[in-house]
Amino acid sequence: MTHLQLEAAPRINSNRRVRLPATPARKEAFTGWLFALPWILGFLLFTVGPMLFSLYTSFTRYNITTTPVWAGLQNFQEIFQDERFYTSLSNTFWMVVVKIPIVTVVSIGIALMLSLDLPGGRFFRTVIYLPNVLSGVAAVFLWQWILRPNGLFNQALALFGIKGPGWFVDPLWTKPGMVVMGMWWIGSNILIYLAGLKGIPKELYEAATIDGARGWAKTRHITLPLLSPTIFFQVVTSIIGTFQIFTTAYILSGTTVDGGPGQSMLFYVLYLYNRAFGKSGPAGFQMGYAAALAWILFIIILAITLFQLWLAKRWVYYESGDRQ
Amino acid sequence: MTAITLPTERRSKIQATVRRAGRVLAWLVLVGIAILWLVPFIWMLSTSLKDPTDLMNKSWIPTRLAWENFTYAFSYGMWEQWTMNTVIITLVSVIGTVLSSTLVAYAFARLRWRGRDWLFSLVLATMMLPDVVTMIPRFIIFAKIPAFGFQGSRNWINTFLPLTIPAFTGSSFYIFLLRQFIRSIPMELSEAAKIDGASELRIWWSIIMPLAKPAVAAVAIFTFQGAWQDFMGPLIYLQSERLYTLQIGLRQFEHAAGGAPAWNWLMAASLVVIIPVLIIFVLFQNYFIEGVQIGGSIKG
């Protein structure tokens, strides 16, 4: 299981196969397409088709029941003057800018500790990963309960003489509350970093030790560069994930579903949902408007990812020299 | 890692002590983290067994074990129906995802066909595409596809179809994961079967599937976990109460007591909803952990 071949694929599979009679190559090509057909169909029906359709919809006014009415750039013009759009965008960026660095540093720190092969390592790994199997409404309720103004978390802070804030009540503290809550789910990041650390050849450390390098120098010059592809991958996927925060914000927003106190948890996808399906706040079933929001989101994510790929050349270290 | 070339024995002794102290410290930190990580679960269990008068006090052990919280949780709404719905949707999603993803992954890993590498780069590209981007048009499309009265609906909205049928087209991420795994299975095994006249379908089903069991299991349990706890999908597509899943039911339950949520009932209900996921985790934790690590190694 662990000995996976993850290197770039050889151009044509090194299939040393016995030639069978009756044009086996053609038969295999046909089978190949046939087997891949489910994905191809799904790609066309549930990805490309919808993308193109939503591009069209974004230029219309459309509430599903009537036919779409062409509106040109009107949706986009309205979006750029829409206060909730900017609120949701800045809330989302807040999470990206604050949460991802914290998660990255803490995850690498814990992964480094786990990589020491201390007694009970398996147990620690399991426990730290455990919350990651929970993702739904129940987990949000649990943290809503723990982070109540007089809840368990603030009681614990009080033991250290700290007066805990009104986490999901005070608009200033809702997003920090989500960061605190989010720390419970860093287990999968930690496991991925741990796998990355395990992949670093021991000889490099031995060589460095002989050269006189010590603790921090080894971390700085061996561990971090060799871990950088993993860090890069994690940051890219975390940003995409952060842009999609929904369930947590939806539940914590309460019955209005408009981002809770001071719209401080109005995240991009929550706002998009409200425009498309919402029953409160700005009227729902504005499919044209929502489709335009979705396309803007797509472009933002694409731009950030491309920017990161460009940035990666400066800091991501690829051992074999092949970049992906 | 023995410090052979260090100048004096004394220096190496100090270093060894520092390293030992570091290891002890790290171990203590890990113990602390493990406790912190478990506390929410224990608090959930503790709260779920408290009666209302007990709810606001800080004790970990309820003065009286209020088991009736669980009977209350079960008696509210249509829990049996919702559980059935969730089981059906989850089961169909798991079967659909596993069958289609392994089949497609097999085609990408083992068969040679024109356009394969090009299509595979498309698979990788769609992995990065957020679902939300296609959420609106998918809803519109499902609202146009006739369901012929299935689950009492004229179109796919308010049926299980949008939540299950797409699973049969495979998931890009799992296709990638399985392809990597299938490539590591020795070629000789399927070659031998081929010489014996086995069809590709047969090789996929009776050779590749069993040998790829760890990866297939990881895909199955991740799909289970995702489908069981999916909130946004059912929220968008299911409107009738009789079709709700547990996640939507749980959300309804929040305000069942009217006004502020009754936390002891809510924790009892939440616990019931997460227990299947926890059981699966305890039984198959190695598959989870290895699956995550394979998933993370896409760094190229």
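Let's start with chain B, which splits into domain 1, covering 9–68, and domain 2, covering 78–296. Keep in mind that what you're looking at is a predicted model. Taken over C-alpha atoms, the centres of these two domains of chain B sit 34 Å apart. They do meet, though: nine residues of domain 1 of chain B are in contact with six residues of domain 2 of chain B. If you sort the domain 1 side of that contact by class, you get five nonpolar, two polar and two charged residues.

Now for how the two chains come together. Here 86 residues of chain A are in contact with 88 residues of chain B. On the chain A side, helix α1 (residues 24–57) of chain A supplies the largest share, with 19 residues. By class, that side of chain A has 61 nonpolar, 21 polar and four charged residues.

Next, the inside. The largest nonpolar core has 151 residues, and the members that touch the most others in it are A:L272, A:A294, B:L178 and B:V219. So which helix gives the most to this core? That's helix α13 (residues 263–296) of chain B, contributing 16 residues.

Set aside its neighbours within four places in sequence, and B:L178 is in contact with B:S101, B:T102 and B:A105, along with B:A212, B:A215 and B:V219.

Note on methods. Residues are numbered from 1 along each chain as its sequence is written. Chains are lettered from A and ligands numbered from 1 in the order in which they are written. This is a predicted model: local features need pLDDT of at least 70, side-chain atom pairs count only at pLDDT 80 or more; totals for chains, interfaces and linings use all residues. Domain bounds come from an automatic or database domain assignment. Two residues are in contact if their C-beta atoms, placed from the backbone, lie within 7 Å. Ala, Val, Leu, Ile, Met, Phe, Trp, Tyr, Cys and Pro count as nonpolar, Asp, Glu, Lys and Arg as charged, and the others, Gly among them, as polar. A nonpolar core is a set of buried Ala, Val, Leu, Ile, Met, Phe, Trp, Tyr and Cys residues joined through C-beta atoms within 7 Å. A residue is buried if 20 or more other C-beta atoms lie within 10 Å of its own, exposed if 12 or fewer, and partly exposed in between; C-beta atoms are placed from the backbone. Helices (H or I, at least four residues) and strands (E, at least two) are DSSP runs, numbered from the N terminus.
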